[in-house]
Amino acid sequence: MMETRQSLPRLALTAGPADPGQRMLPEEVAVALSYNGSTQAVMMASPEALEDFAYGFSLTEGLATAAEIDSVEAVETERGIDLQIWLKPEAGARLMARRRTMAGPVGCGLCGIDSLEEALREAPAVPTSALRVSLDDVGAAISALTAHQPLHDVTRAVHAAGFWTPEAGIVAAREDVGRHNALDKLAGALLRGGVDASRGAVLLTSRVSIDMVQKCARIGAPVLIAVSAPTAHAVRMAEAAGITLIGLARPDRCEVFTHSHRITVDEAEDVA
């Protein structure tokens, strides 16, 4: 498998003398997601947790459930990785209905999408959940995620997505140069691990755009916590999907944008 990072020369400039040395940087490679022999999408991604990526992308894009995937194989080529996903026949019609070719730079989650209707498709409503979180829970979850970012620790150049529950803390976490990819890899890890997403919260080290809310809704998580702010459209989509959207999360503060009934803080006002 390809290396996820590489040490490269750099010149550090400060007020004093220049400092030649090395810097560890993350790798990014072209990963083609091919279904039944036909490429559906091409993403620039970190070359790790690729089976999670295959399962998660299939779920969050509405292409296939875990039960509809027969096999996954990562095939290295001269130009990147062909992630070959073989589906059962019943998934074929849905695959043809939503064909996407997203060749584009890291961070672009809607490149090449077939129509504006697809880009702005409604997120499914999350299942009913008894989950409640406090300000202390939010701070603990965000703080705990930092211990699950080994690639970020050495490169300072990747995003992370994690899943937290009140009982177990961080259940799973995945990193990638692309924020969408990190979330897809997390989705795949939860799916393959049989984790009930209604019992916890998705954590993001990135901003929250509508496609991140769409993916969270597909995962079925009732709470989404991010260290950055959401877009206005993401807030509207989270409201419609029944997701408690928490942004600007820090160890001692956060901002709740939707469905604050899941927040167990007396002074929290219902902004839903």
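Guide: The conversation below goes from the whole chain to single residues.

Guide: This is a predicted model, in which local features need pLDDT of at least 70, side-chain atom pairs count only at pLDDT 80 or more, and totals for chains, interfaces and linings use all residues. Residues are numbered from 1 along each chain as its sequence is written, and side-chain values use heavy atoms, with hydrogens and water left out.

Visitor: How many helices and strands are there in the chain?

Guide: The chain has eight helices and 12 strands. Both are DSSP runs numbered from the N terminus, with at least four residues (H or I) for a helix and at least two (E) for a strand.

Visitor: And what share of the residues is buried?

Guide: Of the 272 residues in the chain, 49% are buried. Buried means under 20% relative accessible area, exposed over 50%, and partly exposed in between, with a 1.4 Å probe and protein chains only. The accessible surface comes to about 12400 Å², and carbon and sulfur atoms account for 52% of that; the areas come from the Shrake-Rupley method with a 1.4 Å probe, and for residues only the protein chains shown count as cover.

Visitor: Let us turn to the sheet of six strands. What is the strand order?

Guide: The order is E8-E7-E9-E10-E11-E12, in an open sheet with mixed pairing. Two strands pair if DSSP finds at least two bridges between them. Strands E8 (169–176) and E12 (253–256) are at the edges with a single partner strand each, so one side of each has no neighbour in the sheet. From one strand to the next, the twist averages 20°. Axes here are lines fitted to C-alpha atoms, for helices over the stretch in contact, and angles run from 0 to 180 degrees between N-to-C directions.

Visitor: How do E7 and E9 pair?

Guide: E7 (residues 159–165) and E9 (residues 201–204) are antiparallel, with four bridges between them. Within this pair, Phe163 stands opposite Val202 of E9. Helix H6 (residues 179–193) packs on the sheet, where H6 touches E7, E8 and E9, and the direction of H6 makes about 135° with that of E8. Contact means heavy atoms within 4.5 Å.

Visitor: Which residues have the most contacts inside the largest nonpolar core?

Guide: They are Val202, Leu204, Val208, Leu224 and Ile243, in a core of 32 residues. A nonpolar core is a set of buried Ala, Val, Leu, Ile, Met, Phe, Trp, Tyr and Cys residues joined through side-chain atoms within 4.5 Å. At least two core residues come from each of E7, H6, E9, H7, strand E10 (223–226) and helix H8 (232–241). Another core, of 22 residues, lies apart from this one and includes Val29, Leu33, Leu50 and Ile81.

Visitor: What does Val202 touch?

Guide: Beyond its neighbours within four places in sequence, Val202 has contacts that include Phe163, Leu183, Leu186, Cys216 and Leu224. Cys216 is one of the buried residues of H7.

Visitor: Which residues does Thr155 touch?

Guide: Not counting residues up to four places away in sequence, Thr155 touches Arg5, Met24, Leu25 and Pro26. Thr155 is in helix H5 (residues 150–155) and counts as buried at 5% relative accessibility. A polar atom of the Thr155 side chain lies 2.7 Å from the backbone oxygen of Leu151.

Visitor: Is Leu151 buried or exposed?

Guide: Leu151 is buried, with a relative accessible area of 6%.

Visitor: Finally, what is the phi of Leu248?

Guide: It is near 50°, a positive value in a residue other than glycine. Most residues other than glycine have a negative phi. Leu248 is in strand E11 (residues 244–250) and is partly exposed at 24% relative accessible area. His259, in the segment after E12, has a positive phi near 45° and counts as buried at 12% relative accessibility.

Conventions
Polar contact = N/O pair within 3.5 Å; in protein donor to acceptor, adjacent residues only side chain to side chain.
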